[in-house]
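This report concerns nonpolar and aromatic packing. The sequence and model are shown below.

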Amino acid sequence: MSFSLVAPTVINGLTMGAIYALVALGLTLVYGVLHIINFAHGSLLMLALYAVYFLHSQVGIDPYLAIPIVGPAFFVIGYVLQRGVIGRASHGREQTVLLVTLGLALIIDNLALYFWSADTRTLDLAYAFETIDLGVALVPVPRAIAFAAALLVAGLLWLVLDRTDLGKAIRAVAKERQGARLVGINVDHIHALCFGIGTATVAVAAAILLPAFYVTPQVGYTFVLVAFTTVVLGGMGSFAGALVGGLLLGVVEALGGLWFGESLGEIAIFGLFILVLLFRPTGLFGTKAA
Amino acid sequence: MVEHCRMGPGRMGRVGRRAIVAGGAAVLALGAMPLRGLAQVKTVKLGILHPMTGALSYSGSQGRAGALLAIEEINAAGGIKSMGGAKLDAVLGDAQSKPDVGAAEVDKLADAGVAAVIGGFASGIVLATTQAAARVNLPYIVDVGVADGIVTRGLSNTFRFGPGQSKITTTAIDNLMKLNDGAGKPARTVMIVHEDGAFGAGLAKTMADELPKRGFEILEIIPHPTPNRDFTNIALKIKAANPDLLIPANYYNEYVLLARTLLQQKVQVKAIYSVLGGAASNVKFVTEFNEAAQYIMDCNHWYDPRKPASIAFAKALADRKVDLTYETMLNYSAVKLVADALEHAGTDDRAKLMVALAASTFDGHIMPYGPTKFVDGQNQGAQPVNTQIRGKVIEVIFPKEFASAEPVFPMPPRG
């Protein structure tokens with residue numbers, strides 16, 4: 001196999017991995033704090049992709065400029081979902097939450113199918129075909145932006161969690177729910193805030209993904225399995241883990257595709273996944289599970 | 001899911017809150033159902049089965065739209081006249097892009113009392129659904145499903161109106177030879193990019209067997225899964241190998257991503273020549289990614305654009321804001337074929353309908369096929385055409401008798 005392809009393949013893997021990381025960041029926050037696996041994550045991504053799509057096609061707002069709109073909007077959606085639906089319906093039991101999010105996913109997907117049909121929708125943006133010539137590889141502009149955005153979002157989330165009072169409260173709730181309640185932290189509010197931030201992150205991911213991709217009611221599933229893998233690989237609840245895990249998966253998948261054929265590229269992902277589970281069950285950056 | 005209401009026998013006795021709610025729901029459902037018993041005219045139920053969800057949902061919804069348009073037209077024109085103006089009634093099914101679900105849907109459609117099932121779309125689904133229909137002697141009209149195996153299993157209930165894979169590939173290769181010879185043989189090396197399901201893998205195999213016999217050299221065959229998130233690696237491989245011809249065989253979303261990535265990575269080839277290309281004969285692709293679509297050629301199902309019925313069909317689709325694609329054409333034609341067979345049979349009895357279908361000489365369709373003639377369930381006159389995307393239009397370049405443009409080959413550099 002030609003080695004001249006290795007450098008561009010790795011670069012392409014990194015840019016694809018940045019998108020995996022972006023999708024995984026929200027998931028890992030929700031897991032880290034609420035200890036729930038959010039099966040509706042892919043559906044929320046799909047919903048955000050539609051929001052970005054319609055903002056462009058109906059109002060003419062560029063996907064990147066839509067971030068200040070969809071980010072806060074999806075924060076509110078996430079907050080209300082957790083406070084009004086998931087938190088309420090689960091009666092505090094984590095295994096019930098799993099089913100509630102699965103149910104939400106089914107409802108959101110089918111509503112999308114009902115209202116927007118199975119049509120594939122894409123945006124034709126002039127800059128989507130522009131590339132940056134790195135010498136060894138042509139990096140499409142949207143992919144370069146995705147890469148920078150993944151770093152930025154991961155950094156911002158880390159700052160919020162590590163340097164603010166809100167972050168302190170979130171960490172307290174994540175570590176010891178009862179204790180946090182005892183010192184006067186509103187645990188339900190923090191849970192909903194985290195779900196909101198997680199949902200806002202996925203909306204940012206949607207705005208960054210759409211210029212290079214498409215949206216259908218099923219599109220969430222294309223990314224969500226890889227996002228789950230990213231979260232487990234990086235260490236559940238770890239932002240640095242999600243970032244590094246996503247980038248690593250992107251590169252592993254790209255090289256796997258190059259050497260074993262595109263159909264088997266995913267085998268490399270899940271092979272790595274199994275290895276991590278066997279030898280480092282807490283993930284690359286994970287601490288012992290709470 | 002089959003979208004039909006069915007009620008189980010109610011249990012009397014302990015009437016709890018749930019029973020009352022269920023009863024109320026049943027009454028509502030009854031109220032929502034049309035009162036067929038009171039209607040004067042008999043209806044004939046037709047099962048319209050497509051992958052409406054999952055990876056193939058775009059093609060499935062296109063197929064359904066075509067089938068429903070035909071039913072609407074037939075009913076508006078007075079229904080099935082030999083049956084006293086019986087109206088056609090669509091019973092919709094969703095195969096969820098999975099063969100096993102498709103087969104289960106056929107059972108439900110059979111229970112719902114349909115006279116025939118139309119659709120399936122993907123070869124993998126059709127192989128399962130036709131077999132399920134054969135078990136209950138239910139006539140099945142394949143809308144697309146091109147795998148040769150579909151009509152070679154001796155199933156007397158299965159009819160395919162469109163051409164199968166061998167026919168399409170043979171035509172594609174013949175036309176490719178004409179194209180290449182006509183231009184002074186500029187193309188010699190080939191790369192094939194295909195989806196790894198029954199359709200793409202089968203097609204790639206035939207091409208890999210046949211093309212070397214005609215003097216082409218296959219540089220590499222690249223399979224990929226559906227859905228596929230990224231085509232950059234494949235584009236890089238193509239760029240490195242630098243083939244004269246690129247032959248893609250994949251479904252819509254992947255085809256579009258591939259074409260976009262080729263343009264993005266500045267991959268130059270002499271021709272992109274697809275066989276049953278998922279997007280290459282789709283106005284949606286041509287409109288949305290016009291630059292990436294330029295000069296792409298395709299050997300695919302397509303209607304005869306000269307027929308008056310075709311012009312009316314295209315207009316009806318445009319009025320309904322449905323994309324003009326081959327799925328719509330084939331499903332529209334398949335329903336018309338069944339309606340014609342019902343006219344001749346004069347009954348919706350499944351066995352008699354099968355006999356009428358087998359003897360069909362239906363020629364009032366929009367496809368470039370001539371009168372229908374089934375041999376072992378395969379319509380003999382069925383043939384694909386070659387198209388090329390030029391500007392905003394999908395032009396027919398072969399067969400010559402109704403070509404709307406001369407082919408441009410090799411294509412000028414793009415991007």
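## Basis

Helices (H or I, at least four residues) and strands (E, at least two) are DSSP runs, numbered from the N terminus. This is a predicted model, in which local features need pLDDT of at least 70 and side-chain atom pairs count only at pLDDT 80 or more, while totals for chains, interfaces and linings use all residues. Side-chain values use heavy atoms, without hydrogens and water.

## Surface around A:F39

A:F39 is placed in the loop between helix 1 (6-34) and helix 2 (41-59) of chain A. Because its relative accessibility is 31%, A:F39 counts as partly exposed (buried means under 20% relative accessible area, exposed over 50%, partly exposed in between; 1.4 Å probe, protein chains only).

## Aromatic pairs

Over all chains, the structure holds 22 aromatic pairs (ring centres of Phe, Tyr and Trp, the last by its six-membered ring, within 6.5 Å; planes under 30 degrees apart are stacked, over 60 edge-to-face, the rest tilted). One of them is the tilted pair of B:F161 and B:Y369, with 5.3 Å centre to centre and 55 degrees between the planes. The two residues are 208 residues apart, so the pair links distant parts of the chain. Both B:F161 and B:Y369 are buried.

A:Y20, A:F213, A:Y214 and A:F223 form one aromatic cluster.

## Nonpolar core

The largest nonpolar core has 225 residues (buried Ala, Val, Leu, Ile, Met, Phe, Trp, Tyr and Cys joined through side-chain atoms within 4.5 Å). Residues with the most contacts inside this core include B:L88 and B:F285. Helix 8 (residues 187-209) of chain A gives the most to this core, with 15 residues.

Key: Residues numbered from 1 in each chain as written. Chains lettered and ligands numbered in written order.
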